[in-house]
Amino acid sequence: MDRATEAILRHLGQDGRMTNADLAQRVGLSPSACLRRVRQLERAGVIRGYRAIIDERGREGTTIVIVRITLDRQTEECLRRFEARVRTCPDVRQCYLMTGDADYLLHVAVRDAADYERIHNEELSRLPGVAQIQSNFAIRPVVWR
């Protein structure tokens with residue numbers, strides 16, 4: 001990837017709604033060359049889509065819980081089953097496969113401690129292969145991009 005393509009990704013990552021003309025001007029390309037690169041990145045799967053990023057701080061009464069999940073086994077089948085099921089959990093905003101002592105890190109948005117207890121009991125503890133769940137309530141974000 002050259003500098004212009006890296007710049008395209010950086011700018012679209014910051015503002016996916018900017019016009020192609022604005023993007024082209026910022027990265028130093030003609031609008032047609034810029035659009036051609038964006039389309040190539042979309043076809044290649046580097047740009048997988050565009051969406052609104054919801055800042056949970058703006059939603060009244062929302063608290064973020066960072067949940068570390070450890071599975072009882074780390075076989076390919078166990079990971080596949082866990083990942084397929086966690087994708088169906090509506091309260092899980094993000095899920096990452098991790099290195100280290102936890103297998104997965106989840107970002108869960110809740111209304112309050114009682115809401116988290118419901119999510120823990122009805123969703124998280126029922127995920128396939130879960131051996132351990134460790135939860136931490138976020139106080140406030142320090143970096144938000």
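Strand 2 and strand 3 pair in the antiparallel sense, over five bridges. This is a predicted model. One of the pairs to find is Gln94, whose bridge partner in strand 3 is His107.

Now look at the link. Strand 2 and strand 3 form a hairpin, with six residues between them. Gly100 sits in the turn and has a positive phi of about 100 degrees.

Next, turn to the other partner of strand 3. Strand 1 runs antiparallel to strand 3, and seven bridges join them. Val65 stands opposite Val108 in strand 3. Val67 stands opposite Leu106 in strand 3. Strands of a sheet pair through backbone hydrogen bonds, either parallel or antiparallel.

Four strands form an open sheet, and their order is 2-3-1-4. The pairing is antiparallel. Strand 2 and strand 4 are the edge strands, as each pairs on one side only. Neighbouring strands of this sheet are turned by 20 degrees against each other on average, direction ignored.

How covered is strand 3? Mostly: six of its seven residues are buried. Buried here means under 20% relative accessible area. In a regular strand the side chains alternate between the two faces of the sheet.

Helix 4 spans residues 76-86. It lies across strand 1, strand 2, strand 3 and strand 4. Helix 4 runs at about 165 degrees to strand 2.

Which residues of helix 4 are buried? They are Cys78, Leu79, Phe82 and Val86. Seen down the axis of helix 4, these buried residues fall within an arc of 95 degrees, so they line one face of the helix.

What covers these buried residues of helix 4? The cover includes strand 1 (63-71), strand 2 (92-97), strand 3 (104-110) and strand 4 (130-137).

To trace the part yourself, go in this order. Start at the hairpin of strand 2 and strand 3. Move across to strand 1, which is joined to strand 3 by seven bridges. Finish at strand 4, an edge strand.

Notes
Residues are numbered from 1 along each chain as its sequence is written. This is a predicted model: local features need pLDDT of at least 70, side-chain atom pairs count only at pLDDT 80 or more; totals for chains, interfaces and linings use all residues. Side-chain values use heavy atoms; hydrogens and water are left out. Buried means under 20% relative accessible area, exposed over 50%, partly exposed in between (1.4 Å probe, protein chains only). Helices (H or I, at least four residues) and strands (E, at least two) are DSSP runs, numbered from the N terminus. The arc is that of the directions from the helix axis to the C-beta atoms. Contact means heavy atoms within 4.5 Å. Two strands pair if DSSP finds at least two bridges between them. Axes are lines fitted to C-alpha atoms, for helices over the stretch in contact, and angles run from 0 to 180 degrees between N-to-C directions.
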